[in-house]
Amino acid sequence: MQKFDGRIVSDCKIFTSQEFGYRPIALFYRNKLTLPKLLEIYREFGCEDAFRRMVVADCITLNSDRHYGNFGFLVNNDTFERTVLNPCFDFNMAFVPFAEEGFDFGEGGLDFEEYLSKHGPVIGSDYLAPARAILTPEIKKCVEEIRETKLVLPCDQKFTERRLSQVNMIKNVQCDRILGFEAEWKFI
């Protein structure tokens, strides 16, 4: 984070250059795209695996902002020819950012499944079905490794230890569910 023009802004590496630009998939296809059609499109450009990984990452993180303007292609700026899937970006809606300390999920609180039904993904009707449908043995191994990795972040008054614990629980439940195990939300 940095200050720019008196405002706090995100400061991250840009993935475009003088040679390559970004064009969202919505610019190339006017109709809503199905998962099989998206796989076919990215297979044609040799980046099907990267697309699969993006969908699985969105499932693990419950990223509700992967709309048709937030993924697409890097294009050659001289010819506008598509090259590969752009790097993943825009995870600001990952790990249910609106479910902060004031939200009370679990016993006597809000129903998390109901919350997710109102904040679901664009690709598919839920998070799990697309991720399970496109899982490969290599990606499955990555999901298992992610499951075993504990997220460690500095905590403060806005992002508390409790919230970090919830984020790790969400990650683990989603990984378990992708892998076909029963897993329950356990908010503390």
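Reader: What is the mean pLDDT of the protein, and which residues of helix α1 are buried?

Author: The protein has a mean pLDDT (the predictor's confidence in each residue, from 0 to 100) of 88, and 91% of its residues reach 70 or more. This is a predicted model, in which local features need pLDDT of at least 70 and side-chain atom pairs count only at pLDDT 80 or more, whereas totals for chains, interfaces and linings use all residues. Residues are numbered from 1 along each chain as its sequence is written, and side-chain values use heavy atoms, with hydrogens and water left out.

Helix α1 spans residues 35-44; helices (H or I, at least four residues) are DSSP runs, numbered from the N terminus. Its buried residues (under 20% relative accessible area, 1.4 Å probe, protein chains only) are Leu-35, Leu-38, Leu-39, Ile-41 and Tyr-42. Seen down the axis of α1, these residues fall within an arc of 160°, so they line one face of the helix; the arc is that of the directions from the helix axis to the C-beta atoms. In general, an α-helix has 3.6 residues a turn, so residues three or four places apart point the same way.

On the other side of α1, Pro-36 and Glu-44 are exposed, meaning over 50% relative accessible area. The buried residues of α1 pack against two helices, α2 (48-61) and α4 (128-133), and against strands β4 (72-76) and β5 (82-85); strands (E) are DSSP runs of at least two residues, and contact means heavy atoms within 4.5 Å. After α1 comes Gly-46, whose phi is positive, near 75°.
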